[in-house]
Amino acid sequence: MSTVTEPRKNAPAARAAAGAPGAAGSGSGGTRPRKVRGREERSPLASAGLHGALVLASLVAVFPIAYMVFISLRGRSGWTRPTSAEGGLEISNYAYVLSETEFPRWFANSLLVAAGTTLVGVFVAASTGYAISRMRFPGHKSLMWVLLITQMFPVAVLIVALYNILGSMGLLDSYLGLILTYCSVSVPFCAWMMKGYFDTIPHEIDEAGRVDGLTPFGTFYRLILPLAKPGLAVTAFYSFLTAWGEVAFARAFLSTDSMLTLSVGLQSFIGQHKAEWGYLTASAVIITIPAGLVFLLVQRNLVAGLTAGGTKG
Amino acid sequence: MKTATADPATAARPARAGLLTRMKRSYDRHWYAWAMVLPVVLVIGVLIAYPLGRGVYLSFTDANELNVAKQLGATEIPATYQFVGFDNYWRVLSGADGEFYPKLLWTVVWTASCVFLHYTIGLGLALLLNRKLKGRSLYRVLLILPWAVPAFVATYVWRMMYNSESGIFNAVLGQLGIGPVDWLGDTFMQKVAVIGVNVWLGVPFMMVAILGGLQAISSEQYEAAEMDGATPWQRFRHVTLPGLRPVSATVIMLGTIWTFNMFPIIYLMLGEANALHSEILVTYAYRLAFGSVRDYAGAATYGILILSMLLVFAVFYRRILDRQEAVR
Amino acid sequence: MRRGIAATALVASLALAATACGGDSEDKAAGGPVTITWWDTSDATNEAPTYKKLIEKFEAAHKDIKVTYQNVPFAEAEQKYKTAAQAGNAPDVLRADVGWTAGLAENQYLAPLDGTPATKEIDSFNQGLVDGAKVNGKLYGVPQVTDALALLYNKEVFAKAGVQPPKTWAELSTAAKTIKQKTGVDGIYLNPDSYFALPFLYGEGGTMVDTGTKKITVNDEAGKKALQTVVDMVKSGVAVKPDFTDGYNNMQAAFKDGKVAMVVNGPWSTADDLTGKAFKNKDNLGVAPVPSGSAGKAGTPTGGHNLVVYNGADAAHKTAAQKFVAFMTSAASQEFAATETGVLPTRDDAYTVKVVADPIRASFKNVLADSTARPAVSGVSDMFTEWTKQYIEILKGNTTVEKGLDTTAEKWKTNINSLKEYSVD
């Protein structure tokens, strides 16, 4: 990677990261110049410390999720006795949520909206990212900036105007209205990431395509996109999660029971005067599963894709 | 494909021809590119630029729910709000509304502490994961798991755990013989509580991004450093950190922007009345527009101020980075 | 193949566009049945099924009207309705809290109902409730259910401790201490919400505002005394230190589990109470009037919900909506809802033998007789929002009773449109 530089003093980020635990943890090697420990050698003590730290961190990461699963299996009011397992586990909350509420419908809606956002978002973001990465056209620089700035919008403040626009287009309470809105949130960041990813694909490939007589579109679809799978995976992941978990827009734009997405529908379990934590956790578990699946599918690509996008901002 | 190259010589060619010819030529040369970015431009134009323009306009008026235009079926009630110039900005920036500066201070503290914790914890975990060790992929999956939980779900689950009487934290504390903590009630603890949730949610992103950055640093550099007898700390300081710089720069900026505008956690975790001292600018602006009195002008003013602050931050941040780039 | 993906994406998005354009336009076909939408703000688990049954009955009786039922969480319904109404998308009928009606009417969102099918039987209704739904002499809502706060208590715990339902807050404190001593159960849980502080205010002879002299009175001596009573109760441990995010829910959880002996709550909560393990035996739930303050008088606020009709709907929808409102508020429907869910009817002829046979409802009927209507100004719900913020600050100890109430009064004057002309001490 071209940006890697030689060691130098006064690295600015060092100040921010001085307290990083990893830095301290790996500092157990001797200070005598002769016997400096290499990167891949560790004393048993350091090994234990390493695993200890990772186990602790994993526990913190997993505990809330595990607790959510536990409470969901403890019946309607099991949450009031958080540390007790008396009465055993039951699936009554799941049964209730799946059969007595509109939950399955909300789930389908969410899935549809998230899938739509992902499809449209990835497609649009990829073509934009490619254009910005490869072509120098008038407006190129300003578009880069606009994409970055769009990230800064306090979305909550745009809602009233957006509501009126969607209303005048007849898109309130519809899937398309929500998909478009979510695309406006996710596409700028995705395009930015894709641009970074395309930057890492050698220009020679484009040249080869041109020599073969392909149009720029042809080059993009046939040659570049297949190479950009890790980047596309990250983009898809991000778009999906954005749509899957969004609250504010969905809440303002949807009203019909059968059109609600999960984030809005779940409000009927928890509110100022209502606390059906049993039902909520059961739904939460079911909600987290698709997100987790998408995640498992793309996680191999996550690291590569995200980095490429990130480094070349 | 003329458009595909970034040849500075052709790009800087002086354009002497007439406007129409130039536009035609420009169109011929660039229509591919424009066709490819058109969807984005359309979406941004309609769904962001227009609302933004309207927001700017409203911030110079005294619009509220009683005087805005209403479309009631066949009858249309025209707007009666008036242009008030910079009154809104003056009221907010002079501190006369009594809300802006305390909330700005807390927003900055919230953003800085969240981003700092995201970055340092993410970096630490990434360094640990970047080593050869048993069960590395298992650790990685477990550590990234919070990312797969939608923010609103996570917020609800944490709210349940923080509950003063039926929450797991106080139950455990009680069994340890320590008195209950009023996690979401106490003014200080509720701030700690919301930061905790955001850190839990945000670390995986940082970790993954930094991990990618670490893997991109060539091992030759480390080998060279080892040959020079550099200690692990020196290697970290002089090879790892500089190598991470591009990734860090981007994720810190994105993290700052996202955290500054982080809506669901504070909004859903604390009730409106309970969040008197823990409301950040974005949630406050939302409450202005959708809260009790529906002050559209006030909400727009806050929105524009938030955007301006982030813009200034981004410009300065990039400039500092560019300067460092130049020094290098 | 690559092209295929893009094409699929395009087709998919187009297909979505085609299927997504539902909304309110589909029922415009001439001659067909009229479809009206009802936003119900009642409890989605305990009450909604009953109302859905009523809708089926209504549709059976009116073949030309279809009703789309939509349950909207109470806490956000007012804001959601305002957003929708402003853009012309509001539901035809809304179940509006009595405190919202005036504000929505002020925004011209509601259609006046005088002389429409909705108000044919209005003379059978409780006149106090009907007056509460009037703005400037016009009727904007038909009362659907009513409520008032009462002291709910766990009879078994009371018997164990040997105490009687207290008549004053002072008696309540003594009783709570006895209960704690003898049974280990906490005395009372007070929801940290200003609406639930009204019994204390009324008990001291105080009011929120004086509409006669146009004065904000929440921060007068009576107001301070009232909140001081609450603060003292929490400090001395008579009342549980409340949770400030989930106060209401924790109150319900503790009461249902038998961890607290008393709560102040309304009839809507009794269905929920009876699902708790402390009230497996229905008779264990006691209902008494709220205790009185040092002024020697007990007071409880009249609450409840009106059915209101959207002003932006066309004539056909309005008429259908009015018929629906009439049906939902009829004596038979109210009796049905009361027996199914425990809510209280708004008209005397709905208090049938079946309805008052239930001891809980019978007790609440007595409580209602002495309840006090809220001040007749628009924006009452906004007033509670501001007041609750300060009430919580006071209970947390971040501010004094005096300062908190003064701030409340100031906020009311500056933020509530209808109070701009009022004076503050």
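Modeller: Let's begin with strand β6 (residues 142-148) of chain C, which pairs with β13(C) in the antiparallel sense over six bridges. Strands here are DSSP runs of E with at least two residues, helices are runs of H or I with at least four, and both are numbered from the N terminus. Two strands pair if DSSP finds at least two bridges between them. This is a predicted model: local features need pLDDT of at least 70, side-chain atom pairs count only at pLDDT 80 or more, and totals for chains, interfaces and linings use all residues. Residues are numbered from 1 along each chain as its sequence is written, and chains are lettered from A and ligands numbered from 1 in the order in which they are written.

Biologist: Why is β13(C) called largely enclosed?

Modeller: Because seven of the eight residues of β13 (residues 302-309) of chain C are buried, the strand is largely enclosed by the rest of the structure. Buried means 20 or more other C-beta atoms within 10 Å of a residue's own; exposed means 12 or fewer, partly exposed is in between, and C-beta atoms are placed from the backbone.

Biologist: Switching to chain A, what is it built from?

Modeller: Chain A has 14 helices and two strands. Of its 313 residues, 56% count as buried.

Biologist: How many residues of chain A and chain B go into their contact?

Modeller: Chain A puts in 101 residues and chain B 111. Contact means C-beta atoms, placed from the backbone, within 7 Å. Helix α14 (residues 277-311) of chain A gives the most to chain A's side, with 16 residues. That side divides into 65 nonpolar, 28 polar and eight charged residues. Nonpolar covers Ala, Val, Leu, Ile, Met, Phe, Trp, Tyr, Cys and Pro, charged covers Asp, Glu, Lys and Arg, and the others, Gly among them, are polar.

Biologist: And how many residues of chain A touch chain C?

Modeller: 30 residues of chain A are in contact with 30 of chain C. On the chain A side, α5(A) gives the most, with four residues.

Notes. Two residues are in contact if their C-beta atoms, placed from the backbone, lie within 7 Å.
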